[in-house]
Amino acid sequence: MHNMPNNRMADSGDLDNKPASPAASPVPAISEEEKTIAQACLSDFESGQYGHCITKLNNLASLRPNDFKVTHNKAVTELYQSGCTRTDEFRQALHHICQQAQVLLEDSDTVEDVDHAILFYKQAEIGRASCRERV
């Protein structure tokens, strides 16, 4: 199993009341119901209950379809559920998330906030993990 350091879910504090970025589709303020679901997701993730976490994330995604943080958390959880072996699927999911957030990984000028920087970092981590697999 390849350990993917620093891949973590955004905790409920990361789901704040501001849009993900000025360029991305507006993300509505988080409701108490959504915050409760997000906290339950984090608890499931931290206890290794990835299947339960994914079920809750799917529910949260239906409530917040334009929130790339939810999509990101689902991708990270699916990666961990696979024992960090499905890096190709994670890379594809990350590409989709970047499109959703309107972030071009080829252009570092698109980094507008911390959330975007995390996407760049995760892409680098996946590249590094893929290199280790080939050695």
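Select D67 and K69. The backbone nitrogen of K69 lies 3.0 Å from a polar atom of the D67 side chain.

A word on what is on screen. This is a predicted model, in which local features need pLDDT of at least 70 and side-chain atom pairs count only at pLDDT 80 or more, while totals for chains, interfaces and linings use all residues. Residues are numbered from 1 along each chain as its sequence is written, and side-chain values use heavy atoms, with hydrogens and water left out.

**Stay on D67**

D67 sits in the loop between α2 and α3. Is D67 buried or exposed? D67 is buried, because its relative accessible area is 4%. Buried means under 20% relative accessible area, exposed over 50%, and partly exposed in between (1.4 Å probe, protein chains only).

**Zoom out**

Color by secondary structure. The protein chain has five helices and zero strands. Helices (H or I, at least four residues) and strands (E, at least two) are DSSP runs, numbered from the N terminus. Of the 135 residues in the protein chain, 41% count as buried.

**Select α3, 68-81**

Which residues of α3 are buried? They are F68, K69, V70, H72, N73, A75, V76, T77, L79 and Y80. That makes 10 of 14, so α3 is mostly covered. Check the helix length too. The expected span is 1.5 Å times one less than the number of residues. For the 14 residues of α3 this should give 20 Å, and the end C-alpha atoms are 20 Å apart, which agrees.

α3 and α4 pack at an angle of about 175°, their axes 10 Å apart. Axes are lines fitted to C-alpha atoms, for helices over the stretch in contact, and angles run from 0 to 180 degrees between N-to-C directions. The two helices are therefore roughly antiparallel, a label for angles over 145 degrees. Show the side chains that touch. From α3 come F68, T71, H72, A75, V76 and L79; from α4 come T87, F90, A93, H96, I97 and Q100. Contact here means heavy atoms within 4.5 Å.

**The loop between them**

Just after α3, G83 takes a positive phi of about 75°. Select C84 next. C84 also has a positive phi, about 60°, although it is not a glycine. C84 lies in the loop between α3 and α4. C84 counts as buried because its relative accessibility is 3%.

**Into the core**

Select F45 and Y80. They have the most contacts inside the largest nonpolar core, which has 20 residues. Such a core is a set of buried Ala, Val, Leu, Ile, Met, Phe, Trp, Tyr and Cys residues joined through side-chain atoms within 4.5 Å. Two or more residues come from each of α1 (32-46), α2 (50-63), α3 (68-81) and α4 (87-100). α3 gives the most, with six residues.

**Last stop: S31**

S31 lies in the segment before α1. With a relative accessible area of 30%, S31 is partly exposed. The C-alpha atoms of S31 and L63 are separated by 9.7 Å, and the two residues are 32 residues apart along the chain.

Conventions: Angles under 35 degrees count as roughly parallel, over 145 as roughly antiparallel, 65 to 115 as roughly perpendicular and the rest as oblique. A polar contact is a pair of N or O atoms within 3.5 Å; within protein, one must be able to donate a hydrogen and the other to accept it, and residues adjacent in sequence count only if both atoms are side-chain atoms.
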